[in-house]
Amino acid sequence: MTLNEYYNLRPKAIYPKTDLINEILNECIKEKGEGCVCRGTVINWVTGVTKPDDDRFLPVISKVTGIPQDQLF
């Protein structure tokens with residue numbers, strides 16, 4: 001077995017927080033268009049540093065998380 005084969009047999013790492021950030025980001029881009037929001041902005045939202053300036057992102061975040069819009073922030 002080569003090192004590459006060994007590497008490829010390793011289980012995929014699971015990062016639930018990173019996956020959530022990526023899912024919100026991807027859904028925002030899908031719904032609102034490329035360049036509408038950056039990864040750093042989504043990180044600020046989920047960590048409570050900021051909330052969206054534009055309410056058009058609230059339905060997207062709510063859809064991904066299952067949290068009602070009025071309870072997100």
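Is cysteine 38 buried, exposed or partly exposed, and what is its relative accessible area? Cysteine 38 is partly exposed, at a relative accessible area of 42%. The legends below describe close-up views of a predicted model.

View 1. The whole structure contains 0 disulfides. A disulfide is a covalent bond between the sulfur atoms of two cysteines. Cysteine 38, at 42%, is partly exposed.

**View 2. The largest nonpolar core.** This core has 14 residues. Those with the most contacts inside the core are Ile24, Cys28, Val37, Val42, Trp45, Phe57 and Ile61. Two or more residues come from each of α2, α3 (39-46) and α4 (58-65).

**View 3. Surroundings of tryptophan 45.** Leaving aside residues up to four places away in sequence, tryptophan 45 touches Ile24, Cys28, Val37, Thr50, Lys51, Pro52, Phe57, Ile61 and Phe73. Among these, Ile24, Cys28, Val37, Phe57 and Ile61 are also listed with the most contacts inside the largest nonpolar core.

**View 4. Packing of α2 against α4.** The two helices pack at an angle of about 135°, and their axes are 9 Å apart. α2 and α4 are therefore oblique to each other. α2 passes α4 in a right-handed crossing. On the α2 side, the contact is made by Leu20, Glu23, Ile24, Glu27, Cys28, Glu31 and Lys32. On the α4 side, Val60, Ile61, Lys63, Val64 and Thr65 take part.

**View 5. Glutamate 27 at the contact between α2 and α4.** Glutamate 27 is in helix α2, which spans residues 16-32. With a relative accessible area of 15%, glutamate 27 is buried. Not counting residues up to four places away in sequence, glutamate 27 touches Val60, Lys63 and Val64.

**View 6. Buried residues of α4 and the residue that follows the helix.** Leu58, Val60, Ile61, Ser62 and Val64 are the buried residues of α4. What covers these residues includes α2 and α3. After α4 comes glycine 66, with a positive phi near 80°.

Definitions and conventions: Residues numbered from 1 in each chain as written. Predicted model: local features only at pLDDT ≥ 70, side-chain atom pairs only at ≥ 80, totals over all residues. Heavy atoms only, no water. Disulfide = S-S within 2.5 Å. Buried < 20%, exposed > 50% of the residue type's maximum accessible area, 1.4 Å probe, protein only. Helix = DSSP H or I, 4+ residues; strand = E, 2+ residues; numbered from the N terminus. Contact = heavy atoms within 4.5 Å. Core = buried A, V, L, I, M, F, W, Y, C linked by side-chain atoms within 4.5 Å. Axes fitted to C-alpha atoms, helices over the stretch in contact; angles between N-to-C directions. Parallel < 35°, antiparallel > 145°, perpendicular 65-115°, else oblique. Left-handed = near helix turned anticlockwise from the far one by under 90°.
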